[in-house]
Amino acid sequence: MLVSLVVAAFLVSGVAVAGSALRDEPTSKRAQPTRTTAAATTTTTAPATTTTTLPPTTIIHPPWASLPPVPGGEVGPGAQGPEVQAYEQRMVDIRFDPGPVDGVYDQKTVYAAQTLQKYVGGYPSGRINDADVFALNIFRFKEPMVAPPEPNRTEVDITAQTLTLYENYQPKLITTISSGSGQNYCYNTPRENPTSRVCEDANTPSGTFSFYEFRSGWDKSPLGQLYNPYYFNKGIAVHGYESVPITPASHGCVRIPMHISEYFHDLVTRGDPVHVFGGAPPNVTSVTPIEPSPTLPPLPEPIPGPGVPTPPPQ
């Protein structure tokens, strides 16, 4: 019964897309009405030939795929085989990053599966079942969240917990993220010789920002270590982290999987816009001055040991 429903849905979707393709067919290919020419000599000026060109902002969707069915109905971490390899290759084709296309279902594959499931509105279990394979087969990119879009930009969807990086108006990378948890936390600022203790909610605010500073490797912050952070809103950055939960868990930054953070900074340029949607506004709950440490008086001169002559007074 389930197979019949899936097949039926697939066919209905196929008809809809085929209809869309026909509606988008260039007018130059449509049949022209038959003309009748009188015997009298006439001069006919043919209309200028026109070419339909898609605007550069149009998203180019991947073609449909025909992936093998899921062995046993579901696969997850530890699974291996040609089916897993086919799913990994399809994920690469639609701009996810499952790691090496080697047929081994590891944590990188889990993150890519969670990206798919978040992107299409499913539960991000990180395991692949028949519904996920169907979604992979007919996958289409979402419309841009910003209008008008810049050619090179990053869109962060807090609601879906995904990040989409665009290059020349086309999706270049789509990944799962974990943004601000919303919990209240406190820290001392600035980093060197702090003068205030600030408490605020761990939010990732909405807005339009731009990448302004990249720091290679582990960068120490008042709240911990960030890997390859690219800052875009004061102390908020896109950065790698060992744990990228399916729910918001950071202090406000945008966590991405470690293997993606190895090269993310090479895909963007300083000044590229970052659009964050669905985030909560900043909420500082308290600012307390830090009293400077009292200056201790100088230590007295040490008492000479036995047999050491006492220096004369100065």
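Leaving aside its neighbours within four places in sequence, which residues is Tyr 87 in contact with? I counted contact as heavy atoms within 4.5 Å. Tyr 87 touches Leu 67, Pro 68, Pro 69, Val 70, Pro 71, Val 75, Ile 128, Val 133 and Leu 136.

Notes on the source. I am working with a predicted model, where local features need pLDDT of at least 70 and side-chain atom pairs count only at pLDDT 80 or more, while totals for chains, interfaces and linings use all residues. Residues are numbered from 1 along each chain as its sequence is written, and side-chain values use heavy atoms, with hydrogens and water left out.

Entry on the cores. I looked up nonpolar cores, meaning sets of buried Ala, Val, Leu, Ile, Met, Phe, Trp, Tyr and Cys residues joined through side-chain atoms within 4.5 Å. Buried is under 20% relative accessible area, exposed over 50%, partly exposed in between (1.4 Å probe, protein chains only). The largest core has 25 residues, and Tyr 87, Phe 96, Tyr 105 and Ile 128 touch the most other members. Helices α2 (82-93), α3 and α4 each supply at least two residues of this core. The most comes from α3, with five residues. I also found a second, separate core of 19 residues, which includes Val 156, Ile 236, Val 238 and Val 274.

Entry on helix α4. Helices (H or I, at least four residues) and strands (E, at least two) are DSSP runs, numbered from the N terminus. I noted that six of the eight residues of α4 (residues 130-137) are buried, so the rest of the structure largely encloses this helix. Among the buried ones are Asp 132 and Asn 137.

Entry on aromatic pairs. Rings of Phe, Tyr and Trp (its six-membered ring) pair if their centres lie within 6.5 Å; planes under 30 degrees apart are stacked, over 60 edge-to-face, the rest tilted. I get twelve aromatic pairs by this rule. Phe 96 and Phe 139 are edge-to-face, at 5.6 Å centre to centre and 80° between the planes. Phe 96 lies in the loop between α2 and α3 and Phe 139 in the loop between α4 and β3, so the pair ties together parts 43 residues apart in sequence. The relative accessible area is 4% for Phe 96 and 2% for Phe 139.

Entry on the sheet. Two strands pair if DSSP finds at least two bridges between them. I read an open sheet of five strands in the order β5-β4-β3-β14-β8, with mixed pairing. Its edge strands are β5 (170-176) and β8 (207-210). Four bridges join β3 (residues 153-157) to β14 (residues 273-277), and these two run parallel.
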